Amino acid sequence: MESTEIMIRSDLNDRLVQALGADLRPVRRLAPPSLRVLTWLTTLGAVALALAMVSDLAAMMHRLMAAPDMWLAAMGSLLTTVFAALAAFELSLPDRKVAWALLPLPALLLWIGASGMGCLRTWSIADADPMPLDQPAHCLIYILGMSLPLSLILILMLRRGFSLRPNLTAIIGGLACASAAATLLNLIHPYDAAATDLAVHAFAIIIVIIANTIFGRRVLMSSTR
Amino acid sequence: MKIRTTVVDAETSTQKEIDRRRAAWMAAAQAGDRAAYETLLRDCIPFIARVARGQGIRPDLIDDVVQETLLTVHHARQTYDPNRSFTAWLRTIAQRRAIDGLRRTGRMRTHEIHAPLAYENHSDPSGGPEETTFHIDQTEVLNSAVGKLSGRQREAVEHLAFQSQSLAQAATITGRSIGSLRVDWHRALKTLQAHVHGKH
């Protein structure tokens, strides 16, 4: 009885192997994650270049250098973008360790810490205008609008992999897109760090991460079926 | 001590050789070589089963993990980099699928409980032995009554009662008119009623 069962099972395995063999098509091997992250960052660089052409770079540099928290926050968001994107591409491969998700954490802490320091700073940066009341809404729309194309491109690129942890990959991918949009915001955001402004930024970033998690997870899961 | 070191070295060397062979098969499979692919998958089955056992999968569920892992290998084959270890790549996938299997089993356990007493006390919808005996008895009485019907009446009962056909269907099959079948059906019912009541 037991030997019959084993024979049925091994027959099932053999039939599956034959079916998979019949379904075999040549595949294009995936490029290394470092190369794939460079491709995505190039897209991001192109967007940054386009924005730089219409923004006042000298004023931005002056504002960022006026207080250490300003350039530290910008540096933190940029590093978060790079490391989160790299972590997402690594996590999109089935044999990569879950610890890759921790890669953007130090940069994220730097970004959050420096932004918090900006709120606690007692003096205002010269040349930075007081923020108009309708500005937070603009920031929100800007971050959401900028994150959308970046997220679409990133998710489509991640979909070519095969993530065994689609949730985590989507969250980290969302973090990369949100931090990229926040970094690009520096180019057209001539205001000092204010608590309300930062709260709106944080709110927009959380929305982007949640949207990526819900939508990206579905797309990544559909690619693994 | 030296002998042990030599044995360990030999084992490591064999594992490396196996890994190189699997990596070469997978690289060929990525290029579309079906024979290499099927050889690789068959070669992987015992390894996946070992990994699943190591993760604590029940023996009767090991083949589920094997099949899930083979499917994942198929869908994820573009992600394998031949410069990396194939065995490590496969082990991670098999471990993950085994964990999924354990979670599935855990979820099933939350919906199902082990209650042998409830199972034993559950009433059988087909009834007890007395009811079964009574049912057999009734069937025998009925069969004997049907046997005593005329040929035309028996034909009507077989088609309309035993085979649950409509009058029209039975008329088509037997080649008789609906009216003739209806008459024989009613006569048969009267005869059967009289026979069964007469027995009791």
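How many helices and how many strands does the secondary structure of chain A come to? In this predicted model, chain A has 8 helices and 0 strands, where helices (H or I, at least four residues) and strands (E, at least two) are DSSP runs numbered from the N terminus. Residues are numbered from 1 along each chain as its sequence is written, and chains are lettered from A and ligands numbered from 1 in the order in which they are written. Because the model is predicted, local features need pLDDT of at least 70 and side-chain atom pairs count only at pLDDT 80 or more, while totals for chains, interfaces and linings use all residues.

**Chain A overall**

- Along the sequence, the pattern of chain A reads α-α-α-α-α-α-α-α.
- Of the 225 residues in chain A, 40% are buried (20 or more other C-beta atoms within 10 Å of the residue's own; 12 or fewer is exposed, in between is partly exposed, and C-beta atoms are placed from the backbone).
- Among contacts in chain A between residues at least 6 apart in sequence, 88% join residues at least 24 apart; two residues are in contact if their C-beta atoms, placed from the backbone, lie within 7 Å.

**Nonpolar cores**

- A nonpolar core is a set of buried Ala, Val, Leu, Ile, Met, Phe, Trp, Tyr and Cys residues joined through C-beta atoms within 7 Å.
- The largest such core has 47 residues, and those with the most contacts inside it include Ala85(A), Ala88(A), Leu154(A) and Ala176(A).
- Two or more residues each come from helix 2 (33-54), helix 4 (68-91), helix 5 (105-120), helix 6 (135-159), helix 7 (166-185) and helix 8 (195-223) of chain A.
- Helix 4 of chain A gives the most to this core, with 13 residues.
- Another core, of 30 residues, lies apart from it and has among its members Trp25(B), Ala29(B), Tyr80(B) and Ala98(B).
- Not counting residues up to four places away in sequence, Ala176(A) touches Thr81(A), Ala84(A), Ala85(A), Ala88(A) and Leu154(A).

**Ser92(A)**

- Ser92(A) lies in the loop between helix 4 and helix 5 of chain A and is buried, with 30 other C-beta atoms within 10 Å.
- Leaving aside neighbours within four places in sequence, Ser92(A) is in contact with Leu158(A), Gly161(A), Ser163(A) and Thr169(A).
- Ser92(A) and Thr169(A) are 77 residues apart along the chain, with 6.5 Å between their C-alpha atoms.

**Helix packing**

- Helix 3 (residues 57-66) of chain A packs with helix 4 of chain A at an angle of about 110°, with the axes 4 Å apart; axes are lines fitted to C-alpha atoms, for helices over the stretch in contact, and angles run from 0 to 180 degrees between N-to-C directions.
- Helix 3 of chain A and helix 4 of chain A are therefore roughly perpendicular (65 to 115 degrees; under 35 is roughly parallel, over 145 roughly antiparallel, and the rest oblique).
- Arg63(A), Leu64(A), Met65(A) and Ala66(A) of helix 3 of chain A meet Met70(A), Trp71(A) and Ala74(A) of helix 4 of chain A.
- In chain B, helix 2 and helix 3 pack at about 130°, with their axes 9 Å apart, which makes helix 2 of chain B oblique to helix 3 of chain B.

**Interface**

- 25 residues of chain B are in contact with 22 residues of chain A.
- On the side of chain B that touches chain A, two or more residues each come from helix 1 (2-30), helix 2 (34-54), helix 3 (62-75) and helix 4 (86-111) of chain B.
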